[in-house]
Amino acid sequence: MDFDEKILREPDHLVSPGSWVGHIPFAFWLIRTLRPKTLVELGTHTGNSYMAFCQAMDAEQVEGRAFAVDTWEGDVHAGSYDSSIFLDLKKSHDPRYGSFSTLMRMTFDEALENFNAGDVDLLHIDGLHTYAAVRHDFETWLPKLSKRAVVLFHDTNVYERGFGVHQFWDEITRKYPGFSFKHSNGLGVLLVGDQLDGDLVEIAENPAKATRYAHLFQVLGAGIERRLLIDEQKKWIDDFQSGIESRDSQIRDFHRAAGAREDIIGQLHAEIGRQSSALQKSNRTVQSLMERITRFHEQIAHQVAMIEALNAEIHALKNSTSWRITAPIRGIKKPLQPAWRAAVKRALKNLPAAIKSTHQRVGTRGLLRKIPSYARNGRQYARALAEGRATHSSDSSVLESRSARLHPNLVDAENAYDLTVSVVIPTKNAGPEFEFLIRKLKDQRGIQALEIVIVDSGSSDQTVVVARSAGCQVIEIKPEEFTHSHARNLGAEAAEGDYLLFMVQDAYPIGDRWIFGMLNFIQEHAHEKVVAASCSEFSRSDSDMMYDSLIHTHYEFLNCLRNDRIGQYKGDTHGDLRSQGQLSDVACLISRAVFSQYKYRGAYAEDLDLGIRLIQDGFKVAMLASTKVVHSHNRPKFYYFKRSFVDVVFLVGLFPDFHVPRLIDASALMQSIHASAVRLSQFLLKLENASGLLKAVEILDGLISEWRENPVDASLQGEIELGDESLGKYVKHLKEISELETQPGPDFSAHFEFSKFQNDFIARVEHFRNFVAKIYDYLDSETKKDLIDSIVKIYSSAAGSSLAFMCLKLKQGSEPQQRLASRLQNELTAGI
Amino acid sequence: MNLLFFVHQFFPEFKSGTEKVTLSLAKAAQRAGHKVTVLACANNLEHFDCWPSGRLVGGYESVYAGLPLMLLPRNQLPATSAFSFDSNPGMVRRLRQWLGEEKFDLAHGTHPMHMASLLDGLLEAGVPYILTLTDFFYCCYRINLINAHGQACEGPAEGGRCLTDCPIFADDGDRFKNRHQRAHRFLQHARERVAPSEFVADRYRTVFPELNFRVIPHGVELIRLAEKKSFAKNVESASSPLKLLYLGTLVEQKGVAVLLDALAKIPTANISLRIAGGFYGNSAYESEISARVSKDPRVELIGEIGAEDVAKELAAADVLCLPSLVPETFSLVLSEAAVAGVPAMVSDLGAQEGFVRKSGAGRVIKSGDVTAWAEALGGLAGHRELLGDWRRRVPLPLRQEEEAFLYQSLYQFAA
């Protein structure tokens, strides 16, 4: 027997699992003995056996080829595994044995066609270990075996988990000679070739010799198994030590963090102690200051009462004949009436709460800074205190607010009305979103039918094409023919629906049961004489802070910010009529029968006018919060100037009791608007250049405090940089008018007009500040710009309103004054 | 109202779909006059311009797009919070105190990953909350109800199925059971549970049959889409190719390979296909797809496109193709295509299947079936008149403002 130390060589490739490694010494011996021309292994897995064969062929310089066949995806016995097994083996195999050995990634059956009959000298079957599989593998590969072929069967000594190699081994050794080893799951050595001789045949024919060799190879194999075990244990220990080191590192980090945290907690405790002490001290100071402020307010209230009485006396002396002239005389009675005295009592009673509220909002310093303002505007504050409110707003107690409703798209019921609705939309260059409005309207559910009537006044874009192609009825009018009322009345006349829904071209319904929601509200409240309903607006994602603030304020005034509300006639004051009668043509639903009796009228605010007429006739109108409409604007700054001008002119014209402030000096007022623009430009430049994060409230409080403590005067000179060229130009234009076309008033008049305008501007900023304070904290650059733009828009609004009041007064003056008023009105109403 | 939005991650660190939805809802609430705070987990504070919070110990504050942010550093939350509902008791205590001090009227969660500590805090502080179910995280730690073998999962079976199909650790039995119980508790106490599609709602109804789920689809950014030119289609000439568009990430699960194989089966069909999307670092898949595209002159790979170009691509397309191999909870691109009036051919999985079946604006095709896709594409190329009918059926999806208002309508009742 050829048997030397070469079979004791160390295997180059030794990996888990180690069920075969005990046969490696036999593999070395077998290759040296058989010197196969072709070796095939069926089932290679991690490659312990195959790599041993290859190592021996290489070392013994056997001139043969070797092939490992496996899918390397696993089976029920080996379990499933991923490609890493194959890739690891390939990485180890190819550089060493790639010259004569091939890894064939395929099934055993697929590999068959690659081999000629009678070529294979050594076949190692170690695939799926069921009886059927082993038998199949042997029988299909039998024709490929040579006349000196040896076949190895692994796992002949496994009797569990469905292993059937032992059964096939028992059968096949009745037909062919062979011998087997029991160690390492057993290995059967079958001598299939009929031209074999030498040691293999001797071992097969001599059981005693076979036993000796089996013992020898078991002992040698056990050494290799022990080596694998030691390697694995070393790796496990390395991993474990690495884990311990990692854990130790984490524990050290934790201890460090805990130590740092304890330090911080200690510092925090110390800081809390200091803060508590300071807070107690501050509280005492605040208490003392509040007591002083209360005394101040009591004095102010007393002075207000005195001023009221004196004013009444002056009016009584000056007026005595007509209704208009005697009106102040009725005012004289007021202070004498028990109701007025009760109002003063209520004002005094509400004073502490108002001080507390104001203190919470602006702090002690802010409160002290406001005292001059209280003194200047004592009457308004006293009235607000008597009525139990802090600012000017509608008396919400007289508005009917309904409990919150879910949007109809969120209600499971799929109710529908057997009613038709005609949507009337005046258009002019409605833009790219218009087609989506039309599609959205056509998708509406919950009504019997819907028609869309477009009244277009000269679009040059695709508006008319889009409308016609969507099947809308289109009425085209000349641009000069357009007024808000006329266009809508034309559409209504052409409409045939049971209800008319007036909309604007840039509004957008929310949900596909939007019209149903509005209709449903009217139907459910028809017995209460509700005949029309409008949606409140929900800002678009590109709306600005100013617009958000405006509609928030507006809906607070109408009491429909969160809940639906029904308005009805309560009286003829402008506050009552506006708060109760408001409808909005952004989305206004009304029965066609009712509308045909009223129609729209006037060139402006036709919706409010309609609502007022309806409630004056005993109907009710609704403003809905449960069903809103997407709509908002991001208008240029100068637009707010013109819009405010037009609003004031309209409101004064519509409401005889609308308060028009005094005008002493038009020239000074226009100079005040200009000087304020210069002052504001300087403030904004400083703000824009400020680095770091700023709080919205701090910015606005800074502005308020700066203007209160250091009012603008006529001597202020500088550039106007308000981020809107049109606005800047117009303000300069006003200054020129003031210098060239108006006469300065008496000395005190400039101070009066400057104070009046600045007070109005700062009051608006304060109102805006209260909105912003609830929402915004620190500002990033984008929001800061939005805030700056809003401040300018507030200024622009204040200037527009002041100029409108001025024009209304000038219209009652001399002929040049009237001409100036008309000219300014023409300039500022164009395009609105 | 004083509203708290909470989400597993947020701008500027992460900018994917759920973060965009959260940003849109929070900004809309702010515009409507509500006080809004967004709380999110910060994986790396360096992405934020932030400072230690003086109100929540361990928290950091920042501001994004005018929204105040409260950030919880990832290392202060349990290591397992990426797949469990484990919470940090210390953080729960601090959050409870903070929630009480801030006096939130309502919280709105848009993703619960890492947020179990907050959810515990909300329950302990008695702050009502509503939940948006942007994916299946409440019933699947893998978030998609696809098991470790790539098969659709019927649901966690109270954690038992997770143990058998998707184990992580040796002691997963109790872990998965506990996860399911915690998810159930969080869902049960929500004032509203809102899914973005009927598909998602139905799956949740199956897993939690005793709970109600409602559907509010995510809104599209209509303003951005409308800024582009009109989507009105010209009448096609008979000789112009049928213009297909694939829009989305290029990963294997999206099934673009199926589309390419289907086209290869109909080499003479008068069809063009534009593929827009990024490969996100999968170079092997990129090579495979690029190689296939290069073999078919009808196909063009145009790479990833910006949001501003989406409308342009949609305006030029006849049909959007979404051959996804896995169900998706919501398809934003399908909604954007609907805005553009573009019908879709989609695989029979997930939310997109429901959208097309309900509207009839396109065709549903068996997922992964190359032959079926080839037949459908070839059939449409030969019968272009179908397109007109499909286009007429394309519904207009919700815009972002509508989604936001519907939620705000819910807030009033939930608070």
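Predicted model: local features only at pLDDT ≥ 70, side-chain atom pairs only at ≥ 80, totals over all residues.
Visitor: What confidence does the predictor give to chain B and to the complex?

Guide: On pLDDT, the predictor's confidence in each residue from 0 to 100, chain B has a mean of 93, and 97% of its residues reach 70 or more. For the complex the ipTM is 0.93 and the pTM is 0.70.

Visitor: Why is A:Q55 called buried?

Guide: Buried means under 20% relative accessible area, exposed means over 50%, and partly exposed is in between, with a 1.4 Å probe and protein chains only. A:Q55 has 8% relative accessibility, so it counts as buried. Its place is in helix α2 (residues 48-59) of chain A; helices (H or I, at least four residues) and strands (E, at least two) are DSSP runs numbered from the N terminus. Not counting residues up to four places away in sequence, A:Q55 touches A:R9, A:E10, A:P11, A:D12, A:F28 and A:Y97, where contact means heavy atoms within 4.5 Å.

Visitor: Why is A:S84 called partly exposed?

Guide: The relative accessible area of A:S84 is 35%, which lies between the limits of 20% and 50%, so the label is partly exposed. A:S84 is in helix α3 (residues 84-97) of chain A. Its C-alpha is 9.2 Å from that of A:W72, twelve residues apart in sequence.

Visitor: What makes helix α19 of chain A largely enclosed?

Guide: Ten of the eleven residues in α19 (residues 606-616) are buried, so the rest of the structure largely encloses the helix. Among the buried ones are A:E606, A:D607, A:R613 and A:L614. Just after α19, A:G618 takes a positive phi of about 95 degrees.

Visitor: What makes a set of residues a nonpolar core?

Guide: The set must consist of buried Ala, Val, Leu, Ile, Met, Phe, Trp, Tyr and Cys residues joined through side-chain atoms within 4.5 Å. The largest such core has 106 residues, of which A:L614, A:F761, A:L787, A:Y795 and A:L803 touch the most other members. Helix α25 (residues 781-810) of chain A gives the most to this core, with 15 residues. Another core lies apart from it, with 48 residues, among them A:I7, A:M57, A:A68 and A:A210. In soluble globular proteins, nonpolar side chains tend to be buried together.

Visitor: Why is A:N185 called partly exposed?

Guide: A:N185 has a relative accessible area of 31%, so it falls in the range in between. A:N185 is found in the loop between β8 and β9 of chain A, and has a positive phi of about 70 degrees although it is not a glycine.

Visitor: What makes the pair B:E402 and A:K440 a salt bridge?

Guide: The rule asks for a side-chain nitrogen of Lys or Arg within 4 Å of a carboxyl oxygen of Asp or Glu. The closest N and O atoms of B:E402 and A:K440 are 2.6 Å apart, so the pair meets the cut-off. Across the interface of chain A and chain B the rule finds one salt bridge.

Visitor: How much area do chain A and chain B bury between them?

Guide: Buried area is the accessible area (1.4 Å probe) that two parts lose on being put together, summed over both. For chain A and chain B this comes to about 3,700 Å², 59% of it on carbon and sulfur atoms. In chain A, A:L410, A:F538 and A:R562 lose the most area to chain B, together 17% of what that side buries.

How values were computed:
Residues numbered from 1 in each chain as written. Chains lettered and ligands numbered in written order. Heavy atoms only, no water.
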